[in-house]
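Trainee: Please walk me through this model, one feature at a time.

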Amino acid sequence: MELLTAVRNGDIQKVNQLIEAGADVNVKAVNGIAALIVAALYGHTQIVNALLAKGADVNVKAVNGDAALIVAALYGHTQIVNALLAKGADVNARNKYENT
């Protein structure tokens with residue numbers, strides 16, 4: 001959970017430190033939201049790139065079906081959208097409300 005806190009806070013140095021120490025880049029909070037989705041939500045481009053570089057699942061979904069791509073697009077984080085697309089994010093992903 002320490003990685004999730006660093007991601008939410010936008011602390012790229014701490015994120016990198018935790019990843020290098022073996023933190024799971026696909027960790028999810030108790031509500032099912034993965035670190036990559038949190039980074040996309042808050043617009044932390046460097047953190048998104050760091051997570052993706054270490055193998056984060058680009059198509060991971062939250063409990064409601066939101067993927068990082070959906071969240072990044074919703075909040076206008078264009079650089080993150082582009083980074084996710086470059087790593088193969090599913091452009092047809094839908095959440096449980098059928099939103100893309």
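Mentor: Begin where helix α4 ends: α4 is followed by Gly 55, and the phi of Gly 55 is positive, near 95 degrees. A helix here is a DSSP run of H or I with at least four residues, a strand is an E run of at least two, and both are numbered from the N terminus. This is a predicted model, in which local features need pLDDT of at least 70 and side-chain atom pairs need 80 or more, while totals for chains, interfaces and linings use all residues. Residues are numbered from 1 along each chain as its sequence is written, and side-chain values use heavy atoms, leaving out hydrogens and water.

Trainee: How many helices and strands does the protein have?

Mentor: There are six helices and zero strands, so the order from the N terminus is simply α-α-α-α-α-α.

Trainee: Which residues of α4 are buried?

Mentor: Buried means under 20% relative accessible area, exposed means over 50%, and partly exposed lies in between, using a 1.4 Å probe and protein chains only. In α4, which covers residues 45-53, the buried ones are Ile 47, Val 48, Ala 50, Leu 51 and Leu 52. An α-helix has 3.6 residues a turn, so residues three or four places apart point the same way. The buried residues of α4 pack against α1, α2, α3 (35-42) and α6 (78-86). Across the protein, 43% of the 100 residues count as buried.

Trainee: How do α1 and α2 cross?

Mentor: The axes of α1 (residues 2-9) and α2 (residues 12-20) come within 8 Å and cross at roughly 155 degrees. Under 35 degrees counts as roughly parallel, over 145 as roughly antiparallel, 65 to 115 as roughly perpendicular, and the rest as oblique. α1 and α2 are therefore roughly antiparallel.

Trainee: Which residues meet there?

Mentor: Contact means heavy atoms within 4.5 Å. Glu 2, Leu 3, Ala 6 and Val 7 of α1 meet Lys 14, Val 15, Leu 18 and Ile 19 of α2. They divide into six nonpolar, no polar and two charged. In this scheme Ala, Val, Leu, Ile, Met, Phe, Trp, Tyr, Cys and Pro are nonpolar, Asp, Glu, Lys and Arg are charged, and the others, Gly among them, are polar.

Trainee: Where does Leu 18 sit, and what does Leu 18 touch?

Mentor: Leu 18 lies in α2 and is buried, with a relative accessible area of 13%. Not counting residues up to four places away in sequence, Leu 18 touches Glu 2, Leu 3, Ala 6 and Ala 23.

Trainee: Are α1 and α3 roughly parallel or antiparallel?

Mentor: Their axes come within 8 Å and cross at roughly 15 degrees, so α1 and α3 are roughly parallel. Leu 4, Val 7 and Arg 8 in α1 meet Ala 35, Val 38, Ala 39 and Tyr 42 in α3. That contact divides into six nonpolar, no polar and one charged.

Trainee: Is Ala 72 buried or exposed?

Mentor: Ala 72 belongs to helix α5 (residues 68-74) and counts as buried, at 0% relative accessibility. Leaving aside neighbours within four places in sequence, Ala 72 is in contact with Ala 40, His 77, Ile 80, Val 81 and Leu 84.

Trainee: What about the fold as a whole?

Mentor: Among contacts with a separation of 6 or more, 65% join residues 24 or more positions apart. The C-alpha trace spans about 35 × 25 × 20 Å along its principal axes.

Definitions and conventions:
Axes are lines fitted to C-alpha atoms, for helices over the stretch in contact, and angles run from 0 to 180 degrees between N-to-C directions.
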